[in-house]
Amino acid sequence: MKKRVFFLVLALSLVLLATVAVANVEGIKMYVNGNEVKSDVPPVKQENRVLVPIRFVAEALGCDVQWDEAKNAVVITKNSGDKFLRGKNDPAQQNPSIHTNFVKAADLLAVLDDDKDGDLCDYRDGHSGGDSIANDPLVVDTRLKKDYETGHIPGAIWISPAEEIAAPANLAALKEALETHVARGGKNEIVLYCFTAHTAGLAAGVLGAEGLNVKNLRFGYAIAWEGTKQADAPIYGPREDASGKPVPYAPAAK
Ligand SMILES: [Ca+2]
Ligand SMILES: [Ca+2]
C-alpha cells in the first residue's frame, strides 16, 4: 500500500548514501545524482529543515518504498541483484516485445547520415541539413555521463546510466524525449548503446517490457562504432563531445 511520507532530507542522505541537493526556499527543487526529481508534493521548509517526499527520491535512487500498515512504518528496500528489472518478473517468454533487437553500427550510421557528409542528424540546429529525421531512431547513450561527455554518437542523448534507466524519473524523461523526437518527425524507436552492448541489452529488455520499441547497438560503441576490434564490420563513426563539437578519431590502445 502506498502512502506519501515526508522524511528529513538529512536522514535520507545518510540512509540512502546518496547526494541530494536542495536549492531555494521557495520552489525548492530536488536533484538526485545531478538529475532533477519532480514530485506531486513539493519540498517544504519547516523551521530550519527541508522536508521532501521520500518516495520520489528513493525511487529515483533505485529503491522500493512500501507502507507497512501493521507496523505503521515506511519500508525502503534498495534493489541490488534485480536492479535492471526493478523487482519485476522477467516476462521474456510471454512477451516477445522485450526481446532485444540488434542494429549494426553501419546500418545506424546510414540512417543517421542519409546524405553521407559525415555530419549526423544534420537537421539539428547549427548544422548544414540534408539528413532525414523520418528514418532516425532516438539514440540514447547508456554509459556514464562522463563517458557521454567525452565522446558520443552525434545526436545521441544521455539520460542516465543503463542501471538507472528504468527508475521512474528517468523512464519519464526517456518517454518525453521519445515523444519530442516523434513529434519532430522522427521514428518511434529507441536505439540504446553502451561500450559493448551488454548492459544496454539488459536495459533494452527492461524498456521493451515497458512497451517501448527498443533496439541495441550490436557490439556497442567501443567495438562497433569506434571500430577498435574486428567485429561485425566495425566502422569508424563520427563522434562529438557534450557541446556537440566533433571529436577527432583516436584509436583506443589495444
Ligand atoms: Ca549528414
Ligand atoms: Ca536519417
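Lys146 and Asp147 form a salt bridge, with their closest N and O atoms 3.6 Å apart; a salt bridge here is a side-chain nitrogen of Lys or Arg within 4 Å of a carboxyl oxygen of Asp or Glu. Lys146 is exposed, at a relative accessible area of 53%, whereas Asp147 counts as buried at 16%. Buried stands for under 20% relative accessible area, exposed for over 50%, and partly exposed for the range in between (1.4 Å probe, protein chains only).

The model is predicted: local features need pLDDT of at least 70 and side-chain atom pairs count only at pLDDT 80 or more, while totals for chains, interfaces and linings use all residues. Residues are numbered from 1 along each chain as its sequence is written, chains are lettered from A and ligands numbered from 1 in the order in which they are written, and side-chain values use heavy atoms, with hydrogens and water left out.

**Other salt bridges**

- The count of salt bridges comes to 6.
- Arg124 pairs with Glu240, the closest N and O atoms being 3.0 Å apart.
- This pair links distant parts of the chain, with Arg124 in the loop between α3 and β10 and Glu240 in the segment after α7 (220-225), 116 residues apart.
- Both Arg124 and Glu240 are buried.
- Glu189 forms a salt bridge with Lys187, and their closest N and O atoms are 3.4 Å apart.
- Glu189 is buried, with a relative accessible area of 7%, while Lys187 is partly exposed at 35%.
- Lys187, Glu189 and Lys215 belong to one network, joined by salt bridges that share partners.

- Asp113 and Asp122 are both buried.
- Val111 in helix α3 (residues 105-112) and Asp136 in the loop between α3 and β10 are 25 residues apart, and the pair links distant parts of the chain.
- Val111 is partly exposed, with a relative accessible area of 24%, whereas Asp136 is buried at 0%.

**Secondary structure and sheet**

- The chain has 7 helices and 13 strands, where helices (H or I, at least four residues) and strands (E, at least two) are DSSP runs numbered from the N terminus.
- An open sheet is formed by 5 strands in the order β9-β13-β12-β10-β11, with parallel pairing; two strands pair if DSSP finds at least two bridges between them.
- β9 (101-103) and β11 (157-158) are at the edges, each with a single partner strand, so one side of each has no neighbour in the sheet.
- β9 pairs with strand β13 (residues 214-217) in the parallel sense over 3 bridges.
- Phe102 stands opposite Asn216 in β13.

**Nonpolar cores**

- The largest nonpolar core has 17 residues, and those with the most contacts inside it are Leu174, Ile190, Leu192, Leu207, Leu212 and Val214.
- Such a core is a set of buried Ala, Val, Leu, Ile, Met, Phe, Trp, Tyr and Cys residues joined through side-chain atoms within 4.5 Å.
- At least two residues of this core come from each of β10 (138-141), α5 (168-183), β12 (190-193) and α6 (198-209).
- The most is given by α6, with 4 residues.
- A second, separate core of 16 residues includes Leu112, Leu120, Cys121 and Ala224.
- Leu212 touches Leu171, Leu174, Lys175, Leu178, Ile190 and Leu207, not counting residues up to four places away in sequence; contact means heavy atoms within 4.5 Å.

**Whole chain**

- Of the 254 residues, 42% count as buried.
- Among contacts between residues at least 6 apart in sequence, 53% join residues at least 24 apart.
- The chain exposes about 13600 Å², of which carbon and sulfur atoms supply 54%; accessible areas come from the Shrake-Rupley method with a 1.4 Å probe, and for residues only the protein chains shown count as cover.
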